[in-house]
Amino acid sequence: MASVSGAAERFLQYLVVERGLAANTVQSYDRDLRRYADFLAGRGRDDLAHVTGLDVAEFRAALRTGNDAHPPLAVSSVGRAVVAVRGLHAFAVREGLAAGDPAREVAPPAPAKRLPKAISIDAVEKLLDAAGSTGDSDPRILRDRALLEFLYGTGARISEATGLDVDDLDHLAQDPAVLLTGKGGKQRYVPVGSYAVGALGAYLVRGRPALAAKAARKQTPAVFLNARGGRLTRQGAWGILRAAARRCGAADVSPHTLRHSFATHLLDGGADIRVVQELLGHASVTTTQVYTLVTVDKLREVYAAAHPRAFD
């Protein structure tokens with residue numbers, strides 16, 4: 001028989017001495033377990049042997065709702081508290097302080113679904129301009145502008161862009177679409193907008209030949225080449241995007257930013273979600289539906305501004 005508070009003290013000591021956890025982490029666990037002990041005491045559960053799985057599950061729920069003594073916690077904080085409680089009960093079983101583990105089946109709450117990062121149309125234009133002009137004579141600048149225009153104009157993954165071969169663009173002038181090879185080798189045709197077609201044309205005519213001439217070995221069929229004439233890698237493409245973002249003062253721009261922005265701007269413009277699903281190469285529309293969450297704020301904005309009874 002062991003009290004909840006006594007077991008918690010031993011568990012915290014174990015975390016410090018044997019696990020070597022950081023002081024801040026142990027302090028957070030201490031707060032979580034004190035709150036847990038108070039919650040159980042309010043239910044008449046002062047001994048570990050009396051705690052049930054229902055007690056643990058209701059403690060998890062109480063963390064989200066809060067009460068007069070404790071404010072509600074964010075999902076991430078609830079997750080940390082549940083981890084602390086699960087650790088306490090597992091420790092108690094190992095140390096012979098309790099016969100069973102009532103927290104084993106109570107999982108931490110799933111983290112909130114993170115919305116894809118998208119930037120505004122104006123921010124996209126600034127990012128593209130920061131990559132350079134299609135009228136430039138530097139082949140690397142022509143490549144950089146073509147790459148970013150292509151990523152935003154098609155919603156392609158960076159791996160799909162760097163995996164693109166010149167043969168995939170054979171009919172681009174007559175048919176502004178490109179064949180992309182996505183995950184699992186799945187292929188799809190995606191329209192290419194006039195801005196991307198123009199940037200690709202400038203690069204293929206005036207930029208790519210200069211880069212290809214630097215290849216020490218047999219020339220690669222890749223569309224996008226690095227400074228040595230080889231196929232541009234994903235890391236190299238990410239470096240191009242990061243450099244353009246730095247020049248225009250953009251923050252938190254990732255390799256997927258232009259893809260996310262492509263999808264969000266299409267939906268904002270009224271595109272059907274199943275069309276966006278096909279363009280992105282998602283196997284299921286469920287994957288694409290996360291982008292509809294991005295546009296909810298915009299819908300609220302329009303509603304608030306346009307509906308006569310949005311506000312009293």
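## A tour of the salt bridges

Select Asp-30 first: with 24% relative accessibility, this residue counts as partly exposed. You are looking at a predicted model.

**Stop 1: Asp-30 and Arg-34**

Where do Arg-34 and Asp-30 lie in helix 2? They sit 4 residues apart in that helix, which covers residues 23-42, so about one helical turn separates them. Now colour by accessibility. Arg-34 reaches 54% relative accessibility and counts as exposed, because the cut-off for exposed is over 50%. Asp-30, at 24%, stays in the partly exposed class.

**Stop 2: Lys-126 and Asp-122**

Move to helix 5, residues 121-131. Show the side chains of Lys-126 and Asp-122. They meet in a salt bridge of 3.4 Å, N to O. Again the spacing is 4 residues, about one turn of the helix.

**Stop 3: Arg-143 and Asp-144**

Next, select Arg-143 and Asp-144. Their side chains form a salt bridge, 3.0 Å from N to O. Check the accessibility here. Arg-143 has a relative accessible area of 8% and is buried. Asp-144 is buried as well, at 12% relative accessibility. Both values fall in the buried class because its limit is under 20%.

**Stop 4: a network**

Now select Arg-43, Arg-45, Asp-55 and Glu-58 together. Salt bridges with shared partners link these four into one network. Side chains of opposite charge can pair when their charged atoms come close. How many salt bridges does the structure hold? The count is 14.

**Stop 5: zoom out**

Show the whole chain as a cartoon. The protein has 14 helices and 2 strands. Of contacts with a separation of 6 or more, 57% join residues 24 or more positions apart.

Finish with the surface. The protein exposes about 17300 Å², with carbon and sulfur atoms supplying 52% of that area. Of the 312 residues, 41% count as buried. Then colour by charge. There are 40 positive and 33 negative side chains, and the centres of the two sets are 5 Å apart.

Note on methods:
Residues are numbered from 1 along each chain as its sequence is written. This is a predicted model: local features need pLDDT of at least 70, side-chain atom pairs count only at pLDDT 80 or more; totals for chains, interfaces and linings use all residues. Side-chain values use heavy atoms; hydrogens and water are left out. Buried means under 20% relative accessible area, exposed over 50%, partly exposed in between (1.4 Å probe, protein chains only). Contact means heavy atoms within 4.5 Å. Accessible areas come from the Shrake-Rupley method with a 1.4 Å probe; for residues, only the protein chains shown count as cover. Lys and Arg count as positive and Asp and Glu as negative; His and the chain ends are not counted. The place of a charge is taken as NZ of Lys, CZ of Arg, CG of Asp or CD of Glu.
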